[in-house]
Each structure stands twice: as structure tokens, then as C-alpha cells.
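Here is a friendly briefing to read alongside the coordinates.

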Amino acid sequence: MKKLVLLFLMCLILFPISLIAQATFWEETFTSAPTGWSLDSNWSFTNGALRLSWSPTITNYDLSAISPVLSLPDNVGELIVTQFIDSYSPVNEIMTIGVIVDGTSHELWQYELIGGNWGSSGGEDVILSLSEFAGEDVQLQFRSYGASTYNFDYWYIYNAMITVLYDNDLDAVEVLGPPNAELNQPDLWQVVVRNIGVLEQNSFTVKLYQEGGLELGSIDVLETIQPLETITCNFFCTPEILGEIEIYGEVILAGDEFEDNNITPDFSVTIFPEGERQYLLWDNDNNSHYTDPNSGGTKNCEDGLEEALSANGIDYQLVTQLPKVLRNYDVVFVCLGLYCVG
């Protein structure tokens with residue numbers, strides 16, 4: 001049995017939200033230690049980053065981290081590196097980013113550490129063209145050399161991504177809508193689609209699905225969407241069965257040259273009984289805590305609110321990230337904490 005029944009479909013054209021019509025060809029997030037990399041001394045995969053450390057101290061050093069071989073397509077775009085360089089007492093130390101082709105290094109970017117820190121903690125992007133190496137087999141090279149590693153603290157590389165340029169490429173970005181909905185009451189969920197190709201598009205289909213591939217609605221879009229533009233397609237649906245479901249969107253374009261971005265991430269929805277009041281508790285206290293005056297124990301700031309709601313028989317949802325759509329909640333509690341932690 002369908003858990004949602006399609007009632008009405010509509011699309012809205014929105015403004016562009018990106019400046020570059022490119023898709024991701026390859027990406028390394030360093031969330032876990034990747035394989036195939038060659039790391040010289042002082043380089044490591046640490047806490048979700050590729051890191052060059054000052055310790056142990058090496059004088060007159062030349063240290064590199066080199067990726068596995070990557071076969072670049074003919075339509076390769078850019079290398080985007082998210083990084084932060086933490087200086088200390090620089091003399092002549094240099095950081096570089098480049099590629100190795102047939103054993104020869106080609107430098108794409110250089111930074112002299114005497115200029116101080118580069119970027120900010122958490123990372124900023126440096127964007128480098130790879131068009132010169134289209135169709136080549138390359139290795140990325142992150143290299144530092146100079147008088148002493150003691151003269152810097154760390155070089156953090158949080159993400160490395162290679163983009164490609166496609167003439168025809170639509171991206172199913174996300175599903176937007178309430179994370180909770182009332183049984184037997186119509187509601188709205190939206191599928192966001194972005195044109196990240198070079199050419200305009202004026203004929204494609206957007207669909208909404210429930211987990212398991214159950215189609216909930218389909219829209220044939222005949223309006224023109226320019227490169228860099230975004231559309232939002234509206235699906236009005238009525239929940240029929242209580243419980244937790246996952247929904248997702250898909251965009252279908254004849255001749256789409258990159259189909260890996262045609263389906264959105266899953267979006268979780270809780271269907272609640274008719275007339276039931278909805279309470280949300282947002283834990284936004286940066287992990288601050290307090291000492292319970294009665295027990296002397298340590299408690300999280302949201303614990304008191306949870307205890308009060310539970311004592312009154314009130315069902316609630318506890319989240320650490322505020323949902324984008326709040327319209328189906330009757331009350332939203334925001335726990336901001338007692339002080340700034342860290």
C-alpha cells in the first residue's frame with residue numbers, strides 16, 4: 001500500500017545559486033585514511049585531514065604527499081583544494097600544489113610561508129585549472145620544502161576535488177519539506193534540481209519516490225532552465241500510514257552526461273496520528289553542561305527539558321540540527337546552554 005498519495009504537482013523557477021557549471025569527477029574527503037597514497041615523513045592522515053606536521057623537526061627538508069594515479073577526462077575542469085596552513089616562525093619555507101605526469105612535476109600553486117597563515121581554521125578553497133592536463137594520467141602532489149619543519153605548525157588539507165565540464169548535466173540536489181507530517185492531511189515536499197551543465201535545458205522529468213522505488217509523483221518540465229539556474233518542483237502528497245519513511249527525488253534528462261548526481265539523498269519523514277501535537281527540542285548548546293544541585297552529577301543542558309517533557313507525558317523529537325521546515329511543529333524548544341564551550 002502506498003504511504004503517500006499524490007495530489008498535485010507544480011514547478012517554480014528560482015535564481016542561480018552557483019557560479020561554476022561543473023560536476024564532481026573525483027573527490028577525496030580524508031574522512032578515513034585513503035589507500036594508494038605515498039606519504040613522506042611528517043605527512044599523515046589525521047582527524048579527517050591530510051596533515052603535514054612540524055614534528056619531528058627536519059632541517060633542509062623536502063616532503064611530499066602524492067595521490068594514486070588519476071586518469072583525467074578530456075573535459076576536466078578544476079582542482080579545488082580545501083586547506084589551512086598554520087605558520088610559526090618562517091624563514092624560507094614554501095608549500096606547493098601540483099601534478100606529476102610521466103614522472104615530471106608540474107607546479108600549479110605556491111605559497112611562501114613568510115606571508116603568515118594561509119586561510120582559516122577549518123579550511124578555505126584554492127581553485128586551480130587542470131585543463132592543460134586533459135586526458136592525461138596524473139598524480140596530485142602536495143609538497144613543502146625549506147630550512148626547517150620547526151618553522152611551521154601544520155598544513156591541513158581537508159578536501160581535494162576534481163571537477164569536469166559537461167554540456168548536459170542536471171543535478172538532483174535535495175528534498176525539502178517537513179520532517180514530520182500528519183496522517184491523512186495533504187502536505188508539500190519539494191525536489192530541488194540544478195543545471196550544472198554548459199547548455200540550457202527545457203525538457204526533462206522530475207520524480208518523487210518513497211523508499212523501495214515506489215513512485216509518488218512525476219513532473220514533466222518544459223520550461224527553460226539556464227546553466228547555473230535552479231528549479232524547485234512541488235509535490236503535494238497525503239500520508240496514509242503511520243511511521244517512519246524515506247523519500248527521495250530523481251531528475252531524468254535524455255542525454256545526461258553524468259548520471260551519478262541524478263538522485264537526491266534520502267529524506268526522513270515521520271507520519272504522526274491525526275490531531276497529535278508536535279514538539280521539537282533543538283539541542284544547540286555546544287555541548288555545555290551543568291552540575292545538578294541535587295545529585296552533584298554532571299548533566300547536559302537539554303536533560304532538564306527532556307525530563308520535564310517526559311514527566312508530563314509529552315512525546316518530542318530531539319535534534320542537534322534544526323530542520324529547514326518547521327511548519328508542522330506546534331512548539332519548538334531551543335536549548336542554548338550556559339556558556340561557550342571551546
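This is a predicted model: local features need pLDDT of at least 70, side-chain atom pairs count only at pLDDT 80 or more; totals for chains, interfaces and linings use all residues.

Residues are numbered from 1 along each chain as its sequence is written, and side-chain values use heavy atoms, with hydrogens and water left out.

**Overall build**

- The protein has one helix and 26 strands; helices (H or I, at least four residues) and strands (E, at least two) are DSSP runs, numbered from the N terminus.
- Its radius of gyration, taken over C-alpha atoms, is 25 Å, well over the 20 Å from the globule rule for 342 residues (2.2 Å times the number of residues to the power 0.38), so the protein is more spread out than a compact globule.
- Along the principal axes, the C-alpha trace spans about 70 × 65 × 30 Å.
- Of the 342 residues, 46% are buried, where buried means under 20% relative accessible area, exposed over 50%, and partly exposed in between (1.4 Å probe, protein chains only).
- Take the contacts (heavy atoms within 4.5 Å) between residues at least 6 apart in sequence: 76% of them join residues at least 24 apart.

**The five-stranded sheet**

- An open sheet of mixed pairing is built from five strands in the order β15-β21-β20-β17-β18; two strands pair if DSSP finds at least two bridges between them.
- At the edges stand β15 (180-182) and β18 (214-221), each with a single partner strand, so one side of each has no neighbour in the sheet.
- On average, neighbouring strands here are turned by 25° against each other, direction ignored; axes are lines fitted to C-alpha atoms, for helices over the stretch in contact, and angles run from 0 to 180 degrees between N-to-C directions.
- Seven bridges link β17 (residues 204-210) with β18 in the antiparallel sense, and V206 stands opposite I219 in β18.

**V206 up close**

- V206 lies in strand β17 and is buried, with a relative accessible area of 0%.
- Apart from neighbours within four places in sequence, the contacts of V206 include V191, V193, I219, C233 and F235.
- N234 is 28 residues from V206 along the chain, and their C-alpha atoms are separated by 9.9 Å.

**The enclosed strand β16**

- Eight of the nine residues of β16 (residues 187-195) are buried, so this strand is largely enclosed by the rest of the structure.
- With β14 (residues 170-176), β16 runs antiparallel over six bridges, and V175 stands opposite V191 in β16.
- With β19 (residues 230-239), β16 pairs in the antiparallel sense over eight bridges, and V192 stands opposite T232 in β19.
- T230 lies in β19 and is buried at a relative accessible area of 3%.
- T230 and D171 are 59 residues apart in sequence, yet 9.3 Å apart in space, C-alpha to C-alpha.

**The parallel sheet and its helix**

- Three strands form an open, parallel sheet in the order β25-β22-β26.
- β25 (317-319) and β26 (331-335) are the edge strands, each with a single partner, so one side of each is left without a neighbour in the sheet.
- Strand β22 (residues 279-283) runs parallel to β26, joined by five bridges, and Y279 stands opposite V331 in β26.
- Helix α1 (residues 303-311) packs on this sheet and touches β22, β25 and β26; the direction of α1 makes about 150° with that of β26.

**Cysteines**

- Zero disulfides (pairs of cysteine sulfur atoms within 2.5 Å) turn up in a search of the whole structure.
- For C237, the nearest cysteine sulfur is that of C233, 13 Å away; C237 is buried, with a relative accessible area of 0%.
- For C301, the nearest cysteine sulfur is that of C335, 5.0 Å away; C301 counts as buried at 12% relative accessibility.
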